[in-house]
Amino acid sequence: MAYPGSPEREDALLLVVDGDDEAGRLLAEHFTRRGFRASHTAAGQDALDLAHAGRLRVAIVDVALRDMSGHALVSRLKEIEPRVHVLMTAGDYRPEFEVRARQIGILHYMMKDYASAEPHLTQASSRDPMSQAMLGALRYQRKQYGPMTEAFEKAVKAGKKEGLVWAVYAWCL
C-alpha cells in the first residue's frame with residue numbers, strides 16, 4: 001500500500017462495503033479527507049463493479065450486505081485482485097464468521113462495538129464535527145432523540161461547511 005503523497009496512492013482504491021449506508025459513507029468520507037481515493041457502496045455487486053474499474057488495494061467489508069454475504073464478496077474480490085488487503089466488520093460477533101473470514105484471507109476481523117465507542121465519542125472535543133455526528137447517529141439508533149439533537153447541533157456548529165454532517169443530521173430528523 002502506498003503512503004500519503006506517493007504517486008501510487010492517488011489511483012489506488014480503498015473500498016468500503018457496508019449494508020449500513022450511513023456508516024459506510026462516513027467511513028469512506030473519513031479516508032477521502034486523509035488523501036485516499038475511497039468509495040462506498042452497500043451492495044456487493046456494486047463493489048465488484050468498482051473493483052473491476054479501479055486499482056483495488058484495501059477493502060473494508062461488512063459481513064451483512066444488501067445482496068450477498070460479505071464472505072462471498074471477499075472471495076470474489078480476491079479473484080479480481082489477489083493482493084487486496086481486506087478488513088471485515090460485523091455488528092455481532094460469531095466465531096464461525098471470523099473463522100470463515102480468516103480462511104478466505106482477510107487481514108483483520110473486527111466487531112462494531114457501539115457500546116464501547118460511546119464513551120470515546122462522548123469525551124471527544126465538541127469542536128470535532130465527525131465525532132459529534134457519530135455520537136448523534138449512535139443516539140439516533142438508540143432512539144435518544146434529545147441527546148441526538150444536542151450532539152448534531154454541536155457537530156454542525158463545529159463543521160458549518162461539512163456537507164456530510166448536515167446530510168446525516170437531516171436524515172436522522
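What follows is a short chat about the overall fold and one residue.

Q: What should I know about the source first?
A: This is a predicted model, where local features need pLDDT of at least 70, side-chain atom pairs count only at pLDDT 80 or more, and totals for chains, interfaces and linings use all residues. Residues are numbered from 1 along each chain as its sequence is written, and side-chain values use heavy atoms, with hydrogens and water left out.

Q: How many helices and strands?
A: The protein has 9 helices and 5 strands. These are DSSP runs, numbered from the N terminus: helices are H or I, at least four residues, and strands are E, at least two.

Q: And in what pattern along the sequence?
A: The order is α-β-α-β-α-β-α-β-α-β-α-α-α-α.

Q: What box do the C-alpha atoms fill?
A: Roughly 45 × 40 × 25 Å, along the principal axes.

Q: Switching to Gln132. Which helix is it in?
A: Gln132 sits in helix α7, residues 129-141.

Q: Buried or exposed?
A: Gln132 counts as buried because its relative accessibility is 3%. Buried means under 20% relative accessible area, exposed over 50%, partly exposed in between, with a 1.4 Å probe and protein chains only.

Q: What is Gln132 in contact with?
A: Leaving aside neighbours within four places in sequence, Gln132 contacts Leu121, Ala124, Ser125, Ser126, Ala151, Lys154 and Ala155. Contact means heavy atoms within 4.5 Å.

Q: Back to the whole protein. What share of residues is buried?
A: Buried residues are 43% of the 173.

Q: And what share of contacts joins residues at least 24 apart?
A: That is 54%, among contacts between residues at least 6 apart in sequence.
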